[in-house]
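Thanks for coming. I will take a few minutes on one model, starting with its pocket and then going through the helix packing.

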Amino acid sequence: MSPPPLDPRLHRVVRLGRALSVATLVVLLLLVAFGLGIWLSPGLVERVIVPRVGLAGHPVALDGASLAAGLAISAIPLGILAYGLLQVRQIFRDFGRGELISAVLAVRLERFGAAVALQGLIAPFIGVALSIALTLGNPPGARAIAISISSHDVVAVIVGLLVIGVGAVMREAARIAEENASFI
């Protein structure tokens, strides 16, 4: 049995969903490649990562061990990012099939929100771990632990929680829609 024909008004949403699914995958791959690839270039680490973790102007050891540790530490938030963006990609794929409200969509939205919130929660700890990794090879007295909490981290947690809330509302809307459809 074939699916029911789409409402003509949904064609734009379907096309947009399909395009955004592809765009999300491309962005995901680029972010992960850059996020991991940056650790292959000590110069990039010094220009991009060192200031971001609060070590600008502080000596850092960019040897193989510190770069490998930085790569391993960075893989944690990148894994969370990848998981969240895969949920977004799946949401767009669902839109591309004409599915706009469902319990499955709600779960995916909640998972994305959790990934965003978790990113904000762990960012300060990742920064601390990176500062330790980048200065551990320094002589005693030149090592550092940089701790910072950005407003971006706080906003990420709040936005993540908001998205989780929207997912919960969508789950309830899907339940009501399914219940109403059973009456017909």
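Pocket and helix packing

Helix 4 is the main contributor to the lining of the largest pocket, giving 12 residues. Before I go further, please keep in mind that this is a predicted model.

How much space lies in that largest pocket? About 910 Å³. Its lining is made of 34 residues, and nearest the centre are Arg52, Pro77, Gln119, Ala123 and Ile126. By class, the lining has 24 nonpolar, 8 polar and 2 charged residues. Five helices each supply at least two of the lining residues: helix 1 (11-37), helix 2 (42-52), helix 3 (64-96), helix 4 (103-135) and helix 5 (151-183).

Now the packing. Two packed helices are described by the angle between their axes and the distance between those axes.

Take helix 4 with helix 5. Their axes come within 7 Å and cross at roughly 165 degrees. An angle over 145 degrees counts as roughly antiparallel, so helix 4 is roughly antiparallel to helix 5. The crossing of helix 4 past helix 5 is left-handed. In the contact of helix 4 with helix 5 there are 21 nonpolar, 4 polar and 3 charged residues.

Next, helix 3 with helix 4. Here the packing angle is about 165 degrees, and the axes are 9 Å apart. That angle makes helix 3 roughly antiparallel to helix 4. Which hand does the crossing have where helix 3 passes helix 4? It is left-handed. The contact of helix 3 with helix 4 divides by class into 21 nonpolar, 7 polar and 3 charged residues.

The remaining pair on my list is helix 1 with helix 3. The axes of helix 1 and helix 3 cross at roughly 170 degrees and come within 8 Å. Helix 1 is therefore roughly antiparallel to helix 3. For the contact of helix 1 with helix 3, the classes are 18 nonpolar, 5 polar and 3 charged.

Last, the charged pairs. Side chains of opposite charge can pair when their charged atoms come close. How many salt bridges does the structure hold? There are 5 salt bridges. One of them joins Asp94 and Arg108, with the closest N and O atoms 2.2 Å apart. This pair links distant parts of the chain, since Asp94 is in helix 3 and Arg108 is in helix 4, 14 residues apart.

Definitions and conventions:
Residues are numbered from 1 along each chain as its sequence is written. This is a predicted model: local features need pLDDT of at least 70, side-chain atom pairs count only at pLDDT 80 or more; totals for chains, interfaces and linings use all residues. Side-chain values use heavy atoms; hydrogens and water are left out. On a 1 Å grid over the protein atoms alone, a cavity is a set of points where a 1.4 Å probe fits but cannot get out, and a pocket is an open set with protein on both sides within 12 Å along at least five of seven lines; lining residues have an atom within 4 Å of a point. Grid points are joined across faces, edges and corners, and a volume is the space filled by probe spheres set on the points. Helices (H or I, at least four residues) and strands (E, at least two) are DSSP runs, numbered from the N terminus. Ala, Val, Leu, Ile, Met, Phe, Trp, Tyr, Cys and Pro count as nonpolar, Asp, Glu, Lys and Arg as charged, and the others, Gly among them, as polar. Axes are lines fitted to C-alpha atoms, for helices over the stretch in contact, and angles run from 0 to 180 degrees between N-to-C directions. Angles under 35 degrees count as roughly parallel, over 145 as roughly antiparallel, 65 to 115 as roughly perpendicular and the rest as oblique. A crossing is left-handed if the near helix is turned anticlockwise from the far one by less than a right angle, and right-handed if clockwise. A salt bridge is a side-chain nitrogen of Lys or Arg within 4 Å of a carboxyl oxygen of Asp or Glu.
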